[in-house]
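Me: I've got a fold open on my screen and I'd like to learn how to read it. Could you walk me through some features?

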Amino acid sequence: MKTLTQLHFDNRFARLGDTFSTQVSPQPLEAPRLVVASEAAMALLDLDPAEAEQPLFAELFSGHKIWSTAEPRAMVYSGHQFGSYNPQLGDGRGLLLGEVVNEAGEYWDLHLKGAGKTPYSRMGDGRAVLRSSIREFLASEHLHALGIPSSRALCVTGSDTLVYRERPERGAMLLRLAPSHVRFGHFEFFYYTRQHGELKQLLEHVIEAHFPELLEHPEPFHMFFRTVLERTAALIARWQAYGFCHGVMNTDNMSILGITFDFGPYAFLDDFDARFICNHSDDTGRYSFENQVPIAHWNLAALAQALTPFVEVKVLRETMELFLPLYEAEWLDLMRRRLGFSQAEDGDAELIRRLLQLMQGSAVDYTRFFRELGERPAEQAVQRLREDFIDLQGFDAWAADYCARSAHEGGDPVARQARMHAVNPKYILRNYLAQQAIEAAEKGDYAPVRELHAVLSRPFDEQPGMERYAERPPEWGKHLEISCSS
């Protein structure tokens, strides 16, 4: 295990030069203190967990100190926001401190959010507040624990620095990790500014750094797009299967690695509602839960447009046609497993869609339904769940078909339960749980957010004494309004 001073930096993105990013130093927070840290994320850097207790930890991740070999840079990019093109965005409140290479030879970006003004801050102050930093920390680590690809969060550092949003709040910084922070919007920026030489340079850099297996392919740029498409389809399938709503699927929030990225007003479904909108600023429902699949396709088309100087339009269009079949296959496989099926049968897709139609409007708790479905043999489980549905006749018909399907597959009931519990979480990050932890943290009590993080890091496990985190949310907890404000 390493200490903080032993981290090895190799800043490949910084070496691309000033056309791609601007050198900026973080602006320190006043009276920094550690709010919460993830030992699992620290392990990605081979860091000793005890390092989180050292004063240097909070100093480094609050802008007071920096490694001599780090090269803080604010990245430039653009993107489509709510469908409209914004010609220049960039890291307005975040800095890529540098790239750390761990003992396994893996590269991890250290990205500090809330680090102060940059040339891309526009009218903003470059700060982040405690609530948004805690929300991203919890979501990043929880999604990873669920098996959903995501950027990671190493720690949140709180402070006495005042930040003004709808009300005065305390400033904070989040240190997040990812193999890359390159977004769809990076490619859009160089395409729309007609810097095609730099666009090619960025493509070559990304392929060499993150997709080296494509270097031997006769058409590496085309295969890069196909790989991004495949990863994005798999990611969105996992979002939909587990009821995760991102809330701001702008192209500048889409990672070329196919990981969940740039958390804002996200939410997991409490009651199942395909039309659920988690961002109260989304007046048209562009980023509703059911729209995440077509919006991902739309965003990939925006990336494809940016690659037209190097890949034929016909080839890009043919590749785009792969998205929906890939998504459907991945989503269907995940949903089969959530229902306890280990084999594929022809009627599975219809069985799943019928279930979701019955859930719609019945206020069925999406996470608890699947967990409870695996608690008992199929016939007993559906009888206990029946009372949650409004259309009892429709549910009884579905339940009969589900039990017949389960019986046809056969197998040991104990093995079925273990199989289902391994993919159906008992604990999910509900907005009201995050809100309670945030309110405590804003009063200086960090124990609730640390406990919530610990519980959510093992979402599939029975955790005696923690059952309150698996309870149905109170009515007020289902209607919290979350915005993009940070």
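**Reading the fold**

Reply: Let's start with a strand pair: β9 and strand β10 (residues 168–178) run antiparallel, joined by nine bridges. Strands here are DSSP E runs of at least two residues, helices are H or I runs of at least four, and both are numbered from the N terminus. Two strands pair if DSSP finds at least two bridges between them. Before going on: this is a predicted model, where local features need pLDDT of at least 70, side-chain atom pairs count only at pLDDT 80 or more, and totals for chains, interfaces and linings use all residues. Residues are numbered from 1 along each chain as its sequence is written, and side-chain values use heavy atoms, with hydrogens and water left out.

Me: Which residue does V156 stand opposite in β10?

Reply: That's L174. A hairpin of three residues links β9 to β10. β9 also pairs with strand β2 (residues 33–37), antiparallel over four bridges, and there L34 has T157 as its bridge partner.

Me: Why is strand β9 called largely enclosed?

Reply: Check burial. Buried means under 20% relative accessible area, exposed over 50%, and partly exposed in between, using a 1.4 Å probe on protein chains only. In β9 (residues 152–164), ten of the 13 residues are buried, so the rest of the structure largely encloses the strand. C155 is buried too, at 0% relative accessible area.

Me: How many disulfides does the structure hold?

Reply: A disulfide needs two cysteine sulfur atoms within 2.5 Å. The structure has zero. Take C245: its closest cysteine sulfur, in C278, is 3.6 Å away, which is too far for a bond. C245 is buried, at 0% relative accessibility.

Me: What do the buried residues of helix α4 pack against?

Reply: Contact means heavy atoms within 4.5 Å. By that test, the partners include β3 (73–75), α5 (196–210) and α6 (220–242). Eight of the nine residues of α4 (residues 184–192) are buried, so this helix is largely enclosed by the rest of the structure. Among the buried ones are F184, H186 and Y191. Just after α4, R194 has a positive phi of about 60 degrees.

Me: And how do I describe a helix pair?

Reply: Two packed helices are described by the angle between their axes and the distance between the axes. Axes are lines fitted to C-alpha atoms, for helices over the stretch in contact, with angles from 0 to 180 degrees between N-to-C directions. The α5 and α6 axes come within 11 Å and cross at roughly 65 degrees. Residues meeting there include K200 and L203 in α5, with F221 and F224 in α6.
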